[in-house]
Amino acid sequence: MANKPSIPKGTRDFGPMEMAKRNYIFDTIREVYALYGFQQIETPAMETLQTLMGKYGEEGDKLLFKVLNSGDFLQKFSDEEISNLKSQTSNHIAAKLCEKGLRYDLTVPFARYVVMHREELQLPFKRYQIQPVWRADRPQKGRYREFYQCDADVVGSDSLLNEVELMQIIDTVFTRFGIRVQIKINNRKILSGIAEVIGAADKIVDITVAIDKLDKIGIDNVNAELREDGLTDEQIEKLQPIILLEGSNEEKLNTIAEVLKDSETGLKGVEELRFILKALGSVGCDSVAANGPLLNNELQLDLTLARGLNYYTGAIFEVKALDVQIGSITGGGRYDNLTGIFGMPGLSGVGISFGADRIYDVLNQLDLYPKESVNGTQLLFINFGEKETAYCLPLINKVRAQGIRAEIYPDATKMKKQMSYANAKHIPFVALAGENEMSEGKLTLKNMETGEQQMFTIDELIEKLKV
């Protein structure tokens, strides 16, 4: 007996309804990116291992899907190496057996793209990219080996207006989705300044990793972790008012500015956040605006937000849904020297990434998909036979020319079977053309939800369905 077909663990099939929902997400994000002047690029699913290896740390290297060379892939091994394959490290074997790997994220391929096409690009370069990535991770709920990223980045500009626009993009996208969100913002320089003023500059990563867990493990466990990381009780005590800081965004900034008065780096971070928040407020985008696009969303300065400090160097932001318990659904921040890993230093950038899979889950839980975004065919022409089909075909063309999604059942089979097909595909209307309709040059339109039937000319039918 033949083996039952299957797909690799950590991957998924998407049916027509799921694809309609996913395309609604991608199309919405794509439209907003374009609205702000971002241009789309794509990079290959495969990159050379030379491009990918060493960019994500030792753990990331292990999660790269490596592609076996075609042909005689053992030709680079000596007889002795072949006999001792078990003693070789996976990286050593991969270096000889594989020259390519599936992309792990969209950032490193983008950096490679910028370096390769530098002479063609107009800086600042505003790009967006919506493509799948692959990670050889252990599959579990909400974690897949193949998933999509929806990135936008601006490179070649240090202006904080870029951060402002990215925040507006986040707000616009979630306003269009109808998802109420909390947008958290912080600055890497502020975190460095905090570590500096408490006398633990060398512990910046330990401090931020610990306080980033505040919501999950609570203040007592955060303090315990800080002690394990080697901070003194005095240093931990100095951190408490910073970690637990409350008040409006302006009050928080004023307080932290006083705390960081002796840290040049920290004060630079405060001023950067002041600029961003003030600019957002000027266009109605602040947490207390009486109107404007952030009316339903919260913008919160959160000094415990850390987000991968080895990568980000300035403003950092993260988005969580207010009405659904789920992790971050968007994140991003400012980074320096994006292209330095490929020998072209000094190019700063800032970017965001929407988590399409988590947004999909949020929209499902809140039932926020617009009806028109998940509907397929709007009108099905019933097939009564050869003569009737000949009458309907030019009418179908006329309907489609007006942007109405229509199809004709391909076989002149029983009416019950054709109606069942319409119901199974959630087609809201069917058109019937028999002897009476053809003699009058009309069609009978049936509403599949109410059962109501009415005869129309083709122009009248189009007008009704376009409403």
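I began with Pro124, which sits in the loop between helix 6 (107-116) and strand 5 (125-134). I checked the peptide bond from Leu123 to Pro124 and found it cis, with omega near 0°. I keep in mind that this is a predicted model.

Asn337 has one, near 60°. I placed Asn337 in the loop between strand 10 (330-335) and strand 11 (349-354). Is Asn337 buried, exposed or partly exposed? Its relative accessible area is 38%, so I noted Asn337 as partly exposed.

Asp367 is not a glycine either, yet its phi is positive, at about 50°. I found Asp367 in the loop between helix 14 and helix 15 (371-374). Asp367 has 65% relative accessibility, and I logged it as exposed, because the exposed class starts over 50%.

Then I turned to the cores. How many residues does the largest nonpolar core have? I read 78, and Ile169, Phe174, Phe177 and Phe354 have the most contacts inside it. Helix 7 (residues 161-177) gives the most to this core, with eight residues. I also noted a second, separate core of 19 residues, with Phe381, Cys392, Phe429 and Phe456 among them.

Leaving aside residues up to four places away in sequence, Phe174 touches Ile179, Val181, Val319, Ile329, Thr330, Phe354 and Ile359.

Cysteines came next. I found zero disulfides in the structure. Cys98 is buried, at 10% relative accessible area. Cys150 is buried too, at 0%.

Last, I took up two helix pairs. The axes of helix 1 (residues 16-35) and helix 14 (residues 356-366) come within 10 Å and cross at roughly 115°. I therefore wrote the two down as roughly perpendicular. Helix 1 passes helix 14 in a right-handed crossing. On the helix 1 side I listed Glu18, Lys21, Arg22, Tyr24, Ile25 and Phe26. They meet Ala356, Asp357, Ile359, Tyr360, Leu363 and Asn364 in helix 14.

How do helix 8 (residues 188-197) and helix 13 (residues 264-282) cross? Their axes come within 7 Å, at an angle of roughly 150°. That makes helix 8 roughly antiparallel to helix 13. The crossing of helix 8 past helix 13 is left-handed. From helix 8, I recorded Lys189, Ile190, Ser192, Gly193 and Glu196. Their partners in helix 13 are Thr265, Gly266, Lys268, Gly269, Val270, Glu272 and Leu273.

Notes. Residues numbered from 1 in each chain as written. Predicted model: local features only at pLDDT ≥ 70, side-chain atom pairs only at ≥ 80, totals over all residues. Heavy atoms only, no water. Disulfide = S-S within 2.5 Å. Buried < 20%, exposed > 50% of the residue type's maximum accessible area, 1.4 Å probe, protein only. Core = buried A, V, L, I, M, F, W, Y, C linked by side-chain atoms within 4.5 Å. Helix = DSSP H or I, 4+ residues; strand = E, 2+ residues; numbered from the N terminus. Contact = heavy atoms within 4.5 Å. Axes fitted to C-alpha atoms, helices over the stretch in contact; angles between N-to-C directions. Parallel < 35°, antiparallel > 145°, perpendicular 65-115°, else oblique. Left-handed = near helix turned anticlockwise from the far one by under 90°.
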